[in-house]
Amino acid sequence: MSDLAIRPAASSRPWLPRLLPYLLSLPALLVCIGILIPFGTAVWYSLERYNLAMPYTRGFIGVQQYIDLFTDPAFWHTVQVSLIYTAATVGVELLLGLGIALLLRERSRFNNFVSVALLLPLMTAPALAALMWKLMTNPGFGVLSWVVSLFGITNFKWASSPSTAMLTVVLVDIWVYTPFMIILLLAGLRSLPQQPFEAARLDGVPPTFVFWRITLPMLMPYILTATLFRVLDSIQQFDIIYAMTQGGPGDSLLVFQVSAYLNFFQYTNVGGSAAILMVLWAITYALSNVFIKQWQKLRERAHGTV
Amino acid sequence: MERSDTIWRVLRGLALTLVIIFFLFPIFWILLMSFETNEQVLAIPPKLFIHPTLMNYVALLSGKLQTAAGALDITFMRNLWNSVLLSVCSVALSLVLGVPAAYAFARFRFRGGEDIAFTLLSFRFAPPLLVLLPLSLYFQDIGLANTYIGLIWVYQLICLPLILWIVRGYFEDASPDVEYAYRVDGHSWWRAFTRIAIPLAGPGIAAAALLSFIFAWNNFVFALVLASADKQPVTVGALAFVTASGIQYGQIAAAIVLSILPTLALALYAQRWLVEGLSLGAVKG
Amino acid sequence: MSLTIRNLHVAFRRNLVLDDVSLDVAPGETLVLFGPSGVGKTVLLRAIAGVEPAARGQVLIDGRDVSALGPDRRDLGMAFQNFALYPHLAARENIASPLRARGVASAEIEARVGRVAELLRISHVLDHPPRALSNGQKQRTALARALVGQPRVLLLDDPLRNVDAKLRYEMRLELPRLLRAAEAATIYVTQDYREAMALGDRIAVLHRAAIAQCDIPEAVYDAPVSVNVARLFGDPPLNLLPCRPVAEAGGLRVEAAGLRLLLPAAREAAGRDCLLGLRPETITVSRAAGGGAGTVRPAGAGGAGVPVEIVAATPLHERMVLLLRAAGGVELLASVLGEPPQGVPVVLQADEQRALLFDAESGARIPHVARTLEVVA
Amino acid sequence: MSLVLQHVSKTYNPRSAHPVRAVRDLDLDVPDGDIIALLGSSGCGKTSTLRMVAGFEDVSEGTITLAGKRIDRLAPARRGVAMAFEGYALYPPLNVEENIGFGLAREGGLRRGTDTRKRVHEVADLLEIGPILDRRPAGLSGGQQQRASLARALARDADLHLLDEPMGQLEPQLRAVLRGRVKALIKARGLTAVLVTHDQTEANAMADRIAVMEGGVLQQYGPPGELRDRPVNLFVATFLGEPPMNALPATVQPGGLRLEDGEGVHLDVPPSALPPVGSKVVFGVRPHRITLGQGRLHATVTSNQWLGDQAHVAMELGDRLIVAVAHQRVAAAVGSRLDFDFREADAHVFDAESGRALLHGNQPA
């Protein structure tokens, strides 16, 4: 019955029950509306020619900004870099996360210790994690530089070379966010009903068959949720890349937000920066819609209402 | 049967050992570095066993950075303090705003309720720069630029969705019957909210507060855009510090350790709650 | 101190959960609200309590319309199926809650909580938190909380659902006395028909969002208004056999599963598709005439015996439940006293007086022309 | 095949400060072809026992033997056991037919294809789930899922079938029919089955023998009639029967018992079987064995409940309640005096302290 519409019944102040939920959520809403105003401004900027260095050229140009953007190879480079970054990080994190979560599935003291240890990278600020890895990959004394030299690879430049910069930041992202994947999938795995697996053990069903026909389909909603969540985060990555290379070397790591940031502060191109962010917003908005629906479905499942 | 069992167990142990090394080694390495002198840091191959020195920490705490060019004044401790202030105040404000709203979304079905909840949640996923860049211009106009109040306000973008998200889940999981029973006993809805609903959602509220504290602490881009040196938290401060200190790697490592220590300590202290909060209440059942 | 419900409607997302429900409960009376799970019993209870909004209709307590009042101002006591105890408060504070809400002085609270705890035999656990109580103690604590304020209306939502069988049985005997002493108008929700018959002064059967029948227990059991109501009562439940009655002198002639019965039912059902309802305890099984000496023909059993095969015999509450297979593979359940005949051909007979006839299409019962209830002392 | 449990114990958290002894020193012998029921309230150890037999829990002490082969150290798949789970344990991604056939295809006698299909459909028809064979569990009602789970277990040709609360979710009508059918099927195929239930009706209906458990300890093991007529202790006596046996405190007197708290009613009991005069005992008689309307005893009626096919009458005897069941309506108003009686053969006497049975009818326990 808990899913039934529930309102407090009328009282001596009949307006109260109707307004109560609004009154409770209003303060939070107001604070956020204060933040929505700049969002509207950003939309407007994206339709303007607006450069802080040349305020006198400011003026409404409509969709021209977007036309310019979509015909600019630099923009398509940004899209490409962002997509590669997102696909690489989320792909590896999903596979790694699923594998590790399966290893940690049983509740044992050792596994609990591992899960706690895995929290630590996740709790490290991504910007600081980037600095840590910068130190570890320092060509002079970095321990990772030393390790690869043991394998005969000398002069491996990590983030300083356009050819390996992507690999390096992806590695940092994996270090920080794989634990998130693990924790979510582990929680999913452990919340699956145990009895079907016991039945399979009793009936002697082969493990590979159990994994592909039972475990994976049952886990799929959790995989979808976790993946969507990570895609949403990863496509907007700023901290790691900015702290590590500020988008360099060259334009090799100019993902959406870094590109917009540099457009704004380095080239003072407010309008262009806003347009890039609007494109990113459109992508994330669509994805977050899917995500929140998926997440609500998962919650309903957990409540057994489906 | 028994033999393949053993092989499987060994493989599993091996894999997990590799996992632990990959995920813990960087933290361990930075910790080690922070106790080394510059000469030790620069040694190749790296040494595992060192004579620890506290000089890096002393330099940071005293605010006098020892460089080749002589002592340099730094604001690192100030950054640390800023982080504490910003995170604590933001979380406190978020709780005051977010817990009643979360309760409203969990308990009442009201016109527009789902839309409002969705809007608030979607902040979590919007590109932060989209809001921050125009805001940086606005803040200069209304005098909020480079103030704690302005920053705390904007930090609601991080904390509020998280608290709404997690606490709402907890309220929804708690059976409304207990509150109904209290109402039938003759208590007002406000007393039912404060005496029953909030105490029962206590663990969820704590988990949400902890998690949003950590996220606020770890945030980088907000302060990068909106704050100058004297209001910056450690995440931004550390980056500036790297540029300023040049090759004082031991001190950089010590600064990083001091910056990540509070969140790691919290994580270890409250790991169970965190895990639950992180799974977003989505997978409990 | 009475409770009246007038034309109550409750809808959830356009699904009518309760459709025009009206009820009257007198002071000191226990009305049992009975129906299968998910039929809206709890919703009705909650609408009366004011925690569920009613789309339309009125709730009156002592003639005063409380429909517009919050649950805190209706002066009722309620016990929830899942107990709904406050987990962070000791049993004593749980019970004291209604008194605290009314600002009763501490000394009096102490005394009244003590009295009700004594009555329910939970004095020794008053200082325990709910998690330290057994299910039975939780249920008594919840009951004590509902009773302590001496409310005018008591709403009990299947309070015995989550306690073990033995305790449930004890409470079944104990509750009538408690409720009589409370003098409140009581609505008691259950989905156990025995509990409904044992506790109810009247039973209101909820079916498809509406009250199908509201009457004294005997009437609901012996003269259900419809096949749907009839199926909810009895363990094992009644057998239903399709048939088409024929009018005959003295009543209706019904043939089903080989049985030929003459029912004292109204003749207008003749020629229509009907369902013959035979309660298992009204079926007798005996040795076939040729199967040996001493064929017993119990009094009241009508028609010639029909040969049947006993598929399985399972004991139930000191009776034997027989799964019978008649000609054409029709399966029937009979509930008989004593051991069934074994290893010999058997026949079944049915009590014509207690057989029920329903219209197959509408499900409505076709009433008997005249009916006598035999009361044996 | 026959199942033998010898000195089986299960202790959870053995090294902690509060080890939980779920099963203690259990001996149980299930003959080939029998259906037995493990009966008890929740937490009595019946589920732990079942899980040890299936192989989901280690045995702390003792041995389990099935068909003459020791199985307690074997992996579940190698024990030759099939099980219907209380929580159904259906595979959510598979439809009902695949669920039933999943473990079947592996078994020796049956080959993939037509044999499997035939067996699946046979069992499905018996349990009336033929029409839902192509549906997935998520869309089914609890009762349908439960029948699918039961079908999966019954379809297998295992040495032992474990049925954990297999019919709790079914509609009463269907439950009554299926009890009979499933029992007939098990008997026809000569299967050996262990039924775990908290419902004594189900245990009585299906089992050849019932093992009553409480607190991890086996209380009594025997045919339903024996448990009803000769319970070994007060627990078994009051646990079985609906309503439960009346139990009244009494004191031994020369030549019989005096009921306490009553009006000093004296009952004649053969002196040979009774403890010394003055001992405290509990006197028991089943509600169904009390005759109303005439007799040596009388009491005040406190409630008279007609349940459609039987009447429950509670009477106040001193400050104790005594309950009687009649199969007809009883004309006795609340507050009136009612005479009643019972046969000596239906009386039970238990030791007040240990609860051990002393006397059943005229015979020593």
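In which order do the six strands of the open sheet of chain C follow one another? The order is S6-S7-S8-S3-S9-S10, and the pairing is mixed, where strands are DSSP E runs of at least two residues and helices are H or I runs of at least four, numbered from the N terminus, and two strands pair if DSSP finds at least two bridges between them. This is a predicted model, in which local features need pLDDT of at least 70 and side-chain atom pairs count only at pLDDT 80 or more, while totals for chains, interfaces and linings use all residues. Residues are numbered from 1 along each chain as its sequence is written, and chains are lettered from A and ligands numbered from 1 in the order in which they are written.

The edges of the sheet in chain C are strand S6 (76–79) and strand S10 (210–215), each of which pairs on one side only. Within the sheet, strand S7 (residues 153–157) and strand S8 (residues 185–190) of chain C are joined in the parallel sense by five bridges, and C:Leu155 stands opposite C:Ile187 in S8(C).

In chain D, strand S6 (residues 81–84) runs parallel to strand S7 (residues 160–164), with four bridges between them, and D:Ala82 faces D:His161 of S7(D). Both faces of S6(D) are covered, since D:Val81 and D:Met83 on one side and D:Ala82 and D:Ala84 on the other are all buried (20 or more other C-beta atoms within 10 Å of the residue's own, with C-beta atoms placed from the backbone).

Turning to the chains themselves, the contact between chain A and chain B takes 77 residues from chain A and 82 residues from chain B, residues being in contact if their C-beta atoms, placed from the backbone, lie within 7 Å. Helix H1 (residues 2–34) of chain B gives the largest share of that chain's side, 12 residues.

Conventions. Contact = placed C-beta atoms within 7 Å. Buried ≥ 20, exposed ≤ 12 C-beta atoms within 10 Å, placed from the backbone.
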